[in-house]
Amino acid sequence: MDKKDVKVVLVTVKEAVRSTFFRRGGRLGRAMYRVLGTSHNREMNAVFSGAAEFYRVDRSRGQRFALRRHVHMLEKGLCMRPRRETFAVDYIETTVGDLRKCMAGNELSDIELKWCFDVLSAYFDATSTSPNARIRRARDEFLGLARPEVPIQESAPYEVGTLQDVVSIKALEALAVSRTSVRSYHSKPVDRGAIDRALIVALESPSACNRVPWTMRIMDNPEDARLVAGVAMGTAGYSEQVSNVAVLVGNLGAYSNERDRHLIYIDGSLAAMSFILALQAQGVSSCCVNWPDIGTREKKMASLLGLEQHERVVMLILFGYADEQGLTPYSGKLPVDAIRTFGLPSGRA
Ligand SMILES: Cc1cc2nc3c(=O)[nH]c(=O)nc-3n(C[C@H](O)[C@H](O)[C@H](O)COP(=O)(O)O)c2cc1C
């Protein structure tokens, strides 16, 4: 037996043990899984570190993620019909306090500052007749803050209006169909302006409570890109044909509660798709690369990128100009009726 045969035997035995273990299930199986399923421990540690980070910044610095969430909640209150005279009593003081601390620490971008001020101004106008003492105290503190002069238009709630001049469904379908996972690239660099343009589209993606808990670490020189791509398991055989890589990193420090731990993956993936389509619209191909939870690779990537314990890689996105000579898998899609149902299953209403 050569080395490859030994590997096949080992993988087969491992798979047989795993499948028996899972098929038998039961209490013992579940208890053992709790002990042996160590990648869950890694996630638990990251979620814990995230909450620790969330609370750590609460006292000394402003809590930017809580501020973004609360400002978002204020906006929803302002959009409510009928609008209430008194709302957000339980978090309005914290919100203004966070804004003050974030301003003192220079932690907010102009866009965020403007948004916070416009929404809070609209909130305090809307609640001007409220007799609530907390709201009055928060208003006094807010009025004491220096309103920033930033050249950005009004950013409080606005009327939705009708959709005009949006891209046609035909154009969107053509864009979606033209995208395919490309695994072989020219080394020709992608202009940073084009990358940023795609990221700006990604930033338009929905995000739970508008927290935006992700960052993109871009490797736009082939040497770094190949090094980083090589850490992922799914690039075996083609990591040397990579020219650019974006590593999508989720920040668990955006959450105080473990119930929200999936949001880095959800928000991150929504942004990833927009990023990919915006690259595609600029003639830049891409390929998502899986980031399975494997201890040694986690360690290596954390060290390469300088990740904190509360930061987790969501996935990698290879991108660049496709090598036109390279083949790409057809990757057959499903018919729509295989993934779609309408309404509740019969008898559930
Ligand atoms: C989360 C995710 C992880 C993926 N991981 C890999 C990977 O590790 N290696 C790879 O070659 N392709 C990877 N892909 C690409 C898929 O194989 C590809 O999207 C799928 O086959 C559909 O083909 P298409 O993208 O060309 O439509 C991944 C895609 C997604 C969404």
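**Entry: Asp267**

I looked up Asp267 and placed it in helix H11, which covers residues 263–280; helices here are DSSP runs of H or I with at least four residues, strands are DSSP runs of E with at least two, and both are numbered from the N terminus. I noted that this is a predicted model, in which local features need pLDDT of at least 70 and side-chain atom pairs count only at pLDDT 80 or more, while totals for chains, interfaces and linings use all residues. Residues are numbered from 1 along each chain as its sequence is written.

Is Asp267 buried or exposed? I wrote it down as buried, because it has 23 C-beta neighbours inside 10 Å; the cut-offs are 20 or more other C-beta atoms within 10 Å for buried, 12 or fewer for exposed, and anything in between for partly exposed, with C-beta atoms placed from the backbone. Leaving out residues up to four places away in sequence, I listed Ser207, Ala208, Val212, Pro213 and Trp214 as the residues that Asp267 touches, where contact means that the two C-beta atoms, placed from the backbone, lie within 7 Å. For Pro213, which is 54 residues from Asp267 along the chain, I also noted a C-alpha separation of 7.3 Å.

**Entry: Ser187**

I then turned to Ser187, which sits in the loop joining helix H8 (169–178) to helix H9 (192–202). Ser187 counts as partly exposed because it has 14 C-beta neighbours inside 10 Å. Its contacts, again without residues up to four places away in sequence, are Pro222 and Ser243.

Which residues lie around the ligand? I listed Thr180, Ser181, Arg183, Gly234, Cys287, Cys288, Val289, Asn290, Met315 and Ser331, a residue being near when its C-beta atom, placed from the backbone, is within 6 Å of the molecule. I sorted this shell into four nonpolar, five polar and one charged residue; Ala, Val, Leu, Ile, Met, Phe, Trp, Tyr, Cys and Pro count as nonpolar, Asp, Glu, Lys and Arg as charged, and the others, Gly among them, as polar.

Strand E3 (residues 285–289) supplies the largest share of the shell, three residues. I noted that four of the five residues of E3 are buried, so the strand is largely enclosed by the rest of the structure. E3 pairs with strand E4 (residues 311–320) in the antiparallel sense over five bridges, pairing being called when DSSP finds at least two bridges between two strands. Within this pair, I found Cys288 opposite Ile317 in E4.

Ser331, also in the shell, lies in the segment after E4. I recorded Ser331 as exposed because it has 7 other C-beta atoms within 10 Å, and its phi is positive, about 50 degrees, although it is not a glycine. Most residues other than glycine have a negative phi, and most peptide bonds are trans.

Asn106 is exposed, because I count 6 other C-beta atoms within 10 Å. Where the chain passes from Arg81 to Pro82, I found a cis peptide bond with omega near -5 degrees; Pro82 belongs to the loop between H4 and helix H5 (92–104).

I checked H4 (residues 64–79), whose 16 residues reach 23 Å between the end C-alpha atoms, close to the expected 22 Å; the expected span is 1.5 Å times one less than the number of residues. Its buried residues include Phe65, Leu67, Val71 and Leu74. For helix H1 (residues 3–24), none of the 22 residues is buried, so I described H1 as lying largely in the open.

**Entry: the whole chain**

Finally, I counted twelve helices and four strands in the protein chain, and noted that buried residues make up 29% of its 349 residues. The chain is divided into domain 1 (1–36), domain 2 (57–143) and domain 3 (169–320), with bounds from an automatic or database domain assignment. I noted 31 Å between the C-alpha centres of domain 1 and domain 3.
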